[in-house]
Amino acid sequence: MLTRKQLELLDFIRVRMEADGVPPSFDEMKDALDLKSKSGIHRLITALEERGFIRRLAHRARAIEIVKLPEAMEKPGFRPRVVAETPPPPPKALPVVAVHALELPVMGRIAAGVPIEAINHVSHHVAVPGSMLSGRGQHYALEVRGDSMIEAGINDGDIVVIREQTTAENGDIVVALVEDQEATLKRFRRRGSMIALEAANPAYETRVYSDTAVKVQGRLVGLIRTY
C-alpha cells in the first residue's frame with residue numbers, strides 16, 4: 001500500500017514517460033510534489049523501488065523504469081516497460097536473517113554538506129548487526145545532516161556506521177576532520193599533496209585542502225535507515 005505522496009510521484013513519472021518517453025528530473029519531481037528538497041524525492045523513489053513499482057538502472061541519467069502500477073492507476077493499453085515478479089534487493093543489502101547485534105555509540109551529527117563543528121560526544125546508542133562491522137577495530141555511528149551525499153544513497157537523517165581509521169583509499173567515503181575544527185562526510189581523493197573532499201550531489205562543489213589540513217577519522221562501512 002502506497003502513501004499519497006508515493007502515488008503522486010508514481011503517477012507524475014508515468015504521465016511524463018508516456019508524454020516524453022523519459023522520466024522527469026529530480027528537480028521536476030520536487031517541484032511537482034511541492035517538496036522543499038530533493039532528499040524527499042530520493043526517499044520516495046527508494047520506497048517505490050523497494051515495493052517493486054519502479055527500477056533504477058546504474059550509470060545512466062534519469063534511469064527510472066516503471067515495473068508495475070497500482071490497480072487504481074492502470075489504464076487500457078498500458079504496458080510496463082520492465083516486467084519483474086520480484087524486484088531485486090538494493091545493492092549490498094543484508095539478508096533478512098537473525099543476526100547478532102552490537103550497540104554502538106552515536107557520536108552526534110555529521111554534516112553531509114557544509115562542514116559542522118567536530119563531533120566529540122555520545123548522544124545515544126544504536127543496535128547494529130555484527131555482520132555490518134568491517135573487520136577488527138573500533139566502530140561508531142553518526143547521524144547524517146544534509147543532502148550532499150544523496151547520490152551515494154546517504155540521506156538526511158540516516159545513521160552511518162564508521163570504522164575508526166586514520167588512512168583512506170581514493171574513493172572511500174570518510175569522516176574527515178578539517179583544520180581540527182569541522183567534521184564532514186565526503187568521498188576522499190588524494191591529489192599529490194592535496195586532498196579533495198567530494199560531494200555526491202552536483203549542487204555542492206568539491207572542496208580541496210592541503211593534506212596537513214585534513215585528518216581522516218574513519219571510513220563508512222554501513223548505513224541504517226528508518227522509514
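**Close-up views of a predicted model**

View 1. Strands β9 and β10 form a hairpin with two residues between them, and Gly192 in the turn has a positive phi of about 65 degrees. The model is a predicted one, in which local features need pLDDT of at least 70, side-chain atom pairs count only at pLDDT 80 or more, and totals for chains, interfaces and linings use all residues. Residues are numbered from 1 along each chain as its sequence is written, and side-chain values use heavy atoms, with hydrogens and water left out. Helices (H or I, at least four residues) and strands (E, at least two) are DSSP runs numbered from the N terminus, and two strands pair if DSSP finds at least two bridges between them. Over five bridges, β9 and β10 pair in the antiparallel sense, and Arg190 has Ile195 in β10 as its bridge partner. Strand β10 (residues 194-198) also pairs with β11 (residues 207-210), again in the antiparallel sense, over four bridges, and here Ala196 has Val208 in β11 as its bridge partner. Four of the five residues of β10 are buried, where buried means under 20% relative accessible area, exposed over 50%, and partly exposed in between (1.4 Å probe, protein chains only).

**View 2. Asn201 in the loop between β10 and β11.** With a relative accessible area of 7%, Asn201 is buried. Not counting residues up to four places away in sequence, Asn201 touches Lys38, Asp147, Ser148 and Ile150, a contact being heavy atoms within 4.5 Å.

**View 3. Packing of helix α1 against α3.** Helix α1 (residues 4-20) and α3 pack at an angle of about 85 degrees, and their axes are 10 Å apart. This makes α1 roughly perpendicular to α3; angles of 65 to 115 degrees count as roughly perpendicular, those under 35 as roughly parallel, those over 145 as roughly antiparallel and the rest as oblique. The axes are lines fitted to C-alpha atoms, for helices over the stretch in contact, and the angles run from 0 to 180 degrees between N-to-C directions. On the α1 side, Lys5, Gln6, Leu9, Leu10 and Ile13 meet Ile41, Leu44, Ile45, Ala47 and Leu48 in α3.

**View 4. Two nonpolar cores.** A nonpolar core is a set of buried Ala, Val, Leu, Ile, Met, Phe, Trp, Tyr and Cys residues joined through side-chain atoms within 4.5 Å. The largest such core has 17 residues, and those with the most contacts inside it are Ile110, Leu142, Ile154, Val160, Ile162 and Leu185. At least two residues of this core come from each of β3 (101-111), β6 (139-145), β7 (159-163), β8 and β9. A second, separate core has 16 residues, including Leu33, Leu44, Ile45 and Ile54.

**View 5. Two aspartates with positive phi.** Most residues other than glycine have a negative phi. Asp34, which is placed in the loop between α2 (26-32) and α3 (38-50), has a positive phi near 60 degrees, and at 71% relative accessibility this residue counts as exposed. Asp180, in the loop between β8 (173-178) and β9 (182-191), likewise has a positive phi, of about 60 degrees, although it is not a glycine.

**View 6. The whole chain, for orientation.** The secondary structure comes to three helices and twelve strands, and 41% of the 227 residues count as buried. Among contacts with a separation of 6 or more, 58% join residues 24 or more positions apart.
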